[in-house]
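Take a moment with the sequence and the model below.

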Amino acid sequence: MAQHLLPNLKTRDSLRGYLKGLALEIGVRSLTDPQFAEELDRRDELAKFRDEFHVPVISELLSEDEIAGGVDPQEKCVYLNGCSLGLQPKETQKLVDDELEKWRKRGIRGHYLGEHPWYPIEDDVVATSANLVGAMPLEVAIMNSLTVNVHLGLAAFYKPTTERFKILMESEPFPSDKYAVESQIRWHGLDPLTTILYACPREGEKIWHTEDIVKMIEEEGDSIALVYFSGVHYTTGHLFDIQRITEVAHLKGCYAGFDLAHAAGNIELHLHDWKVDFACWCTYKYINSGPGSIAGFFVHEKFAYQFDHPRLTGWWSHNRDSRLSMPGELDLQPGAAGFQLSNPPVLQMMCLLGSLNVFKKTSMAQLTKKSRILTTYLELLLEDIIAKESTFMRIVTSSDPAERGCHLTLEFEHSAGLVQKYLRDRGIMTDTRGANGLRVAPVPLYNTFVDVLRFCNALAHCRSHLLKDKNKL
């Protein structure tokens, strides 16, 4: 008997049609039927990867007095927080412990001994990281933290002149991006108020239209030095059209850079083919490398051998073969490696490797195939809740799969904090942004269709609970 697998669908109508058609095919009357979620999980060829992660049980996640009545404390939680911090891969602890043991037993000799010698440690993670973002290994370095890499990218690609000095960003960017951009502008003796252009959603809307961004670049491009956007916006979950924005920026003579903190490991990227100039990302969200862990940096191959391209450098920018001879003159490495400053932290590299070893067993194409169905299933269940009480909440994120990753943002009429607490006390982890925003991110590597159903069932009960107890609102 042929095994039924999840299909590769990309449009809103085809995804919704598949889910509704499957419900009819297997004879369930509602998408909320547990048998339907279980059938989708049976068809998920990536379901096996959940076993490669530690999914906290509720009694480990919450204190005894936080757990709501009637909740089984030994049940695994529903973890929908991958947009903030990914789960720990099971291999990570051994990889870290092995390097701690090597340090204990071999001291400085660990730089050259063992399965993961420390001196060339970046070689263990660069190729797989490059594959995650659609790049060549030459174009990727794993180094520093995200905002440090943002500054390195801005230092190299923001070169204001009298005529061309502005930076175009999306409105309400991640604060660290805004702070970094403003500080770089001031460093050049300019005023952020007259230097930053913000692309905004249309009046009364929460998300952006690509054609509006394109029009802005076309109209203002002669004065723009750098177009710098998020890949996925951190509060709304909106996926910007990176390829189109880059194309138009280049046509107007602007550099194009991106913060991919919420895109890397979430959506399928093709940074090399899209000719993005530079990009940065953290690895602790969808790439599961642990809290505050090391970050990624991309610079396009076209700059790889432009050794005179201005940048900030350090001793790890120098050619590896002669670096330790401590020459007085810098022999710059080609590609992104030439932007490195210092030797990378080995234990963080091992945390990253633990997750990359899981990613190596699949592909971003496979992950996003599942993600589109998983998030559409979430969307349909949410719409069912909204249909019963339209004022309770609304979905902020676009319903077009081409304009989002796995993360949906919900906006509540009243405090999202009350909703988050209700869910948390039942072992369902989400996070809030602003007073009324709740972010929900079913990650295809470890979340299931049953997870999504459990979340939506709890959210429906939360709605009834809050409506009954008006004093809490």
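At what angle do helix 9 and helix 10 pack, and how far apart are their axes? This is a predicted model, so read every value that follows as computed from a prediction. Helix 9 covers residues 210-220, and helix 10 covers residues 242-251. They pack at an angle of about 15 degrees, and their axes are 9 Å apart.

An α-helix has 3.6 residues a turn, so residues three or four places apart point the same way.

Now stay with helix 10. Its buried residues include I242, I245, T246, V248 and A249. What do the buried residues of helix 10 pack against? Helix 9 is one of the partners. The others are strand 7 (224-230), strand 8 (255-259) and helix 11 (271-274). Just after helix 10 comes G253, which takes a positive phi of about 80 degrees.

Is K102 buried or exposed? Buried means under 20% relative accessible area. K102 has a relative accessible area of 9%, so K102 is buried. Leaving aside residues up to four places away in sequence, K102 touches G107, G110, L113, G114, H116, P117 and W118.

In what order do its strands lie? This open sheet of 4 strands has the order 11-12-15-14, and the pairing is antiparallel. Strand 11 (393-395) and strand 14 are the edge strands, each pairing on one side only. From one strand to the next, the twist averages 30 degrees.

Look closely at strand 15, residues 437-440. G437 and R439 point one way from this strand, while L438 and V440 point the other way. All of these residues are buried. Strand 12 (residues 408-412) is joined to strand 15 by 4 bridges. Here L410 stands opposite L438. Strand 14 (residues 431-433) is joined to strand 15 by 3 bridges. D431 has R439 as its bridge partner, and R433 stands opposite G437. Strand 14 and strand 15 form a hairpin with 3 residues between the strands. In that hairpin, G434 takes a positive phi near 75 degrees.

Which helix packs on the sheet by touching strand 11, strand 12 and strand 15? That is helix 14, residues 364-388. The direction of helix 14 makes about 150 degrees with that of strand 11. Helix 15 (residues 416-424) lies across strand 12, strand 14 and strand 15. Helix 15 runs at about 40 degrees to strand 15.

How values were computed: Residues numbered from 1 in each chain as written. Predicted model: local features only at pLDDT ≥ 70, side-chain atom pairs only at ≥ 80, totals over all residues. Heavy atoms only, no water. Buried < 20%, exposed > 50% of the residue type's maximum accessible area, 1.4 Å probe, protein only. Helix = DSSP H or I, 4+ residues; strand = E, 2+ residues; numbered from the N terminus. Pairing = 2+ DSSP bridges. Axes fitted to C-alpha atoms, helices over the stretch in contact; angles between N-to-C directions. Contact = heavy atoms within 4.5 Å.
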